[in-house]
Amino acid sequence: MNYNIAVVAGDGIGPDVTDEAIRAMNKIGEKFGHTFNFTHVLAGGAAIDATGECLPDETLETCKASDAVLLGAVGGPKWDPQPAENRPERALLGLRKGLGLYANLRPAMIFEELADASPLKSEIVGSGLDIMICRELTGGIYFGKRGTDETENGKGAYDVEYYSEMEIKRIAKVAFELAMKRNKRVTSVDKSNVLESSRLWRKTVAEVAEDYPEVDLDNFYVDNASMQLIRDPKHFDVLLTTNMFGDILSDEASQITGSIGMLPSASLGDGSFGMYEPVHGSAPDIAGTGKANPIATILSAAMMLRYSFGLKEEADAIENAVKEFLKQGYRTADLCHGAPEAVSTTEAGELIASFI
């Protein structure tokens, strides 16, 4: 099979880690008889430097014409002076909205070989964790009305948290479908004791739950959810929440696993199209030094194979290669605190590819 993939390497360590994901996918192509055609396009700071715009029209059109998108990372202090509407991070929002990607899946996993890397006690973590965070991606406060005004107390600013029933229903269905393939439990996170938008969220999620009688649903306020992720993370199977709450809770979950460099993500819409990226940021301070961990991006490529292309065996092959890499004791700088025995970004990518 032939697949066309748009690659947005982005800024900082983005090019470093996407190169290794491409290496893994090319190895999959050789082994399983697929052809992956990669087209590199610009977004974020790199696009600002080249075109003056954080998300050129050409980039969005190329992504739309592709079968999937592989994204590295965008942003960095170099572009802080840019106006808000042209910050590198706005490119991500533009891609998500322009591509219709409303469901963000962020698996927070602790590999058994890395259980000691978690900051949580071993009796809490056990032999590992496997939480799927299902975050709504194109609604809420990040896309609501915003502005500034003058008040008797000086300048004011506002951002509106807004959700419609349709937006809530479609992301809730994604969460319940995921739960049916996992441990049949959904935890919906909101702030319905305070926010009107959260009251609609909770009511609508309960209505969707009626179509999935086999799935247990519980509801947590976001402050309690953030506490329980630390106190009792094994309670969670599929965690369903809004754009802003999901942004925060998924980063908290990433630290539970011991390294943000290990966590992939998938942004999906209707159909099979998706954008795949690591959870971590651009880390410009280590770009080009060989210290970046490419595993999150390599695992994002595995999610692409699984969710967009329906290639389960190929996705398993990448995930098993990562496990073999860890089982044999190899570690990148973030996993062994920069000790001399750390393998470089490129060495990690080469080793993982060799285990496919």
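Which residues form one aromatic cluster? In this predicted model, the cluster is made up of Y3, F36 and F309.

The count of aromatic pairs comes to seven. Among them is the pair of F220 and F236, which is edge-to-face, with 75° between the planes and 5.7 Å from centre to centre. F220 belongs to strand β9 (residues 216-221), while F236 lies in the loop between α8 (222-231) and β10 (238-241), so this pair ties together parts that are 16 residues apart in sequence. Both F220 and F236 are buried.

F325 and Y330 form another aromatic pair, and this one is stacked: the planes are at 25° and the centres are 5.5 Å apart. F325 has a relative accessible area of 0% and therefore counts as buried, being under 20%. Y330 has 27% relative accessibility, so this residue counts as partly exposed.

Rings also meet charged side chains. R170 lies over the face of Y102, 4.1 Å from the ring centre. The charged end of K97 sits over the ring of F143, at 4.9 Å from the centre of that ring.

For G139, the backbone oxygen lies 3.1 Å from a polar atom of the N243 side chain. N243 is placed in helix α9 (residues 243-256). Is N243 buried or exposed? Its relative accessible area is 1%, so N243 is buried.

Definitions and conventions: Residues are numbered from 1 along each chain as its sequence is written. This is a predicted model: local features need pLDDT of at least 70, side-chain atom pairs count only at pLDDT 80 or more; totals for chains, interfaces and linings use all residues. Side-chain values use heavy atoms; hydrogens and water are left out. Helices (H or I, at least four residues) and strands (E, at least two) are DSSP runs, numbered from the N terminus. Buried means under 20% relative accessible area, exposed over 50%, partly exposed in between (1.4 Å probe, protein chains only). A polar contact is a pair of N or O atoms within 3.5 Å; within protein, one must be able to donate a hydrogen and the other to accept it, and residues adjacent in sequence count only if both atoms are side-chain atoms. Rings of Phe, Tyr and Trp (its six-membered ring) pair if their centres lie within 6.5 Å; planes under 30 degrees apart count as stacked, over 60 as edge-to-face and the rest as tilted. A charge sits over a ring if NZ of Lys or CZ of Arg is within 6 Å of the ring centre and within 35 degrees of the ring normal.
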